Amino acid sequence: MEETLKTTCLHDRHVALGAQMSPFAGFDMPIQYTDIISEHNAVRHSCGMFDVSHMGEILVSGPQSEEFVGYIFTNDVRNIPDGKILYGMMLYHNGGTVDDLLVYRFSSDRWLLVVNASNIEKDYLWIKENASGFDVKVDNLSDFYGEIALQGPDSEKVALKALGLDLKDLAFYTFIQTTLPAGASAGDAAVGKSEPLIVSRTGYTGEDGFEFYGSFAAIRNIWDRLLEAGVTPCGLGCRDTLRFEVGLPLYGHELSEEISPIEAGLGMFVKTDKPAFIGKEVMVAQKTVGVTRKIVGIELKDKAIPRAGYPVEADGVEIGTVTTGYNSISTGKSVCMAMLKKEYTAPGTEVSVRIRKKVFPGIVCKKRFYDKNYHK
């Protein structure tokens, strides 16, 4: 029986633009509009926009919200101000990763958890299951929000020109609640000033940028106005190449039920000095004793594309597996992230990647292949 794919509120826009569509996390999503290289370079050098309405939004509210979010989340949410965003993970009791996510604090009794599209139902059930004993309410709002990510060094300027939103004072990893200024667009009638928006400044590309969360009508209006302003529409293809170059993880590749944040090199987002949280004991042990494997970067000496799942070897013996690999668009180098046995993870270690029947030599390096250019 063929799976019925969900569509986002911008699906008709993608089809009208001739996007190459493909199933992703149960949604029919645009992979590219023209080509991945052009879209990738638009984000690196000017700006591009992504439909990320497939992402999940789960609201936690109630008197014990802060305590509960702290219990299911690896980062420390205590004493952070309203309007702050934190990145971190939810863990299983064995230290495996349920998901990596962003936590938005509206107030001590109201938090929005933005989760990966492929994990919405799993995450919602996990959160509900662990809410027992806490005075909180958990609501899955994923079907009610649309979301656009505007990414690239020109994003702030474009948001002002095309949307009338002055975001220069919005700090990195913070958000505001605002309204979308009225303005006509090609596809929908003008959206009035009463249309609420959440605007954040995080990004998943290594560049400056913003996320706009709102009603389907507001998100369609924003898309149309950005398109009219000449912003390049970008698909999930270049979203992956962009995040990969700056060493950001993708759930199912660098994080999973079998991969802990410590093994993924994300220990800075696991605060073991805070009160009890799910998986804490395992995280304390992994930080104290260390882990037997770790995700690192590898740069190949020859031109080849090391795909996920390809074996990594040393002296003819398999020592790990590629998690993500590309011919980096921004650097021109053949690089990958890979999970390796700990004894082979020191920078400069000589390894090789087996690509089909050939072996390509390379060296271990940091997993950030391109420098981030966030707003600070």
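Reply: Let's start with Glu211, which counts as buried at 4% relative accessibility; buried means under 20% relative accessible area, exposed over 50%, and partly exposed in between, with a 1.4 Å probe and protein chains only. Glu211 sits in strand β12, residues 209-214; strands are DSSP runs of E with at least two residues, helices are runs of H or I with at least four, and numbering goes from the N terminus. An unreviewed UniProt entry annotates Glu211 as "binding site", though such annotations, given in the numbering used here with shortened feature names, may be inferred rather than shown by experiment.

A caveat on the source: this is a predicted model, where local features need pLDDT of at least 70, side-chain atom pairs count only at pLDDT 80 or more, and totals for chains, interfaces and linings use all residues. Residues are numbered from 1 along each chain as its sequence is written, and side-chain values use heavy atoms, with hydrogens and water left out.

Now for helix α7, residues 236-245: 10 of its 10 residues are buried, so α7 is largely enclosed by the rest of the structure. Among those buried residues are Arg239, Asp240, Arg243 and Glu245. Just after α7, Gly247 has a positive phi of about 75°.

Lys372 lies in the segment after β19 (358-365), and Lys372 is partly exposed, with a relative accessible area of 30%.
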